[in-house]
Amino acid sequence: MKYTQYMVEAERYIAALDHVLELTVLLHDDMTGSLAREGLTTSRAHLLWELHQLGPTTQTSLAEALGVSARNVTGLVDALVEGGFVMREPHPTDRRAVLVSFTDHGAAVALRQLEVQVSLVVDP
């Protein structure tokens, strides 16, 4: 391959990567704005997504699912409790543990987020 042909190919790939980066930034901004309107951050929304997948669960299980520390999950759950998205309740079999579960508001928000995701892949 000649040098000039190589450079034309490289420029084409660089332009394509620039478009991918631009799309990524736009999608991130759109998602962040959408979550903010619900009173969520991406970290809090991720916790809600995991809670939706797991059902009522312990903070330890949420920390494992999110790949973060228990302390980090405590802060996220505290904020979500304060925002009315989740609640803590006694674990039915382990008196030392508490379960995190959705409030009605949190379940409705999680369902709306799921519907948005589905609408992106399913033609209405």
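Entry 1: I began with glutamate 9, which forms a salt bridge with arginine 12, the closest N and O atoms being 3.2 Å apart. By salt bridge I mean a side-chain nitrogen of Lys or Arg within 4 Å of a carboxyl oxygen of Asp or Glu. Both glutamate 9 and arginine 12 sit in helix H1 (residues 3–37), three residues apart, which is about one turn of the helix. Helices here are DSSP runs (H or I, at least four residues) and strands likewise (E, at least two), numbered from the N terminus. Glutamate 9 is partly exposed, at a relative accessible area of 24%. The scale I used calls a residue buried under 20% relative accessible area, exposed over 50%, and partly exposed in between (1.4 Å probe, protein chains only).

Entry 2: The model is predicted, so local features need pLDDT of at least 70 and side-chain atom pairs count only at pLDDT 80 or more, while totals for chains, interfaces and linings use all residues. Residues are numbered from 1 along each chain as its sequence is written, and side-chain values use heavy atoms, with hydrogens and water left out.

**Entry 3: the other salt bridges.** How many salt bridges does the structure hold? I found four. One of them joins aspartate 78 to arginine 88, with the closest N and O atoms 2.7 Å apart. Aspartate 78 lies in helix H4 and arginine 88 in strand E2, so this pair ties together parts that are 10 residues apart in sequence. Aspartate 78 is partly exposed at 38% relative accessibility, and arginine 88 is partly exposed at 34%. I also noted aspartate 94 with arginine 96, whose closest N and O atoms are 3.6 Å apart. Here aspartate 94 is partly exposed at 26%, whereas arginine 96 counts as exposed at 76%.

**Entry 4: the sheet.** Next I followed arginine 88 into its strand. Its bridge partner in E3 is valine 100. Five bridges join E2 to strand E3 (residues 98–102), and the two run antiparallel. Three strands make up an open sheet, in the order E1-E3-E2, with antiparallel pairing; two strands pair if DSSP finds at least two bridges between them. Strand E1 (57–58) and strand E2 (86–90) are at the edges with a single partner strand each, so one side of each has no neighbour in the sheet. Helix H4 packs on the sheet and touches E2 and E3, its direction making about 110° with that of E2. Contact means heavy atoms within 4.5 Å.

**Entry 5: what else meets H4?** I checked H2 (residues 42–54) against H4 (residues 70–82): their axes come within 10 Å and cross at roughly 90°. Axes are lines fitted to C-alpha atoms, for helices over the stretch in contact, and angles run from 0 to 180 degrees between N-to-C directions. H2 and H4 are therefore roughly perpendicular, a label for angles of 65 to 115 degrees. Residues in this contact include Leu47 and Leu48 of H2 and Val73 and Leu76 of H4.

Helix H3 (residues 59–66) was my last stop. Its axis and that of H4 come within 9 Å and cross at roughly 110°, which makes H3 roughly perpendicular to H4. Gln59, Leu62, Ala63 and Leu66 in H3 meet Ala70, Val73, Thr74, Leu76 and Val77 in H4.

Definitions and conventions. Angles under 35 degrees count as roughly parallel, over 145 as roughly antiparallel, 65 to 115 as roughly perpendicular and the rest as oblique.
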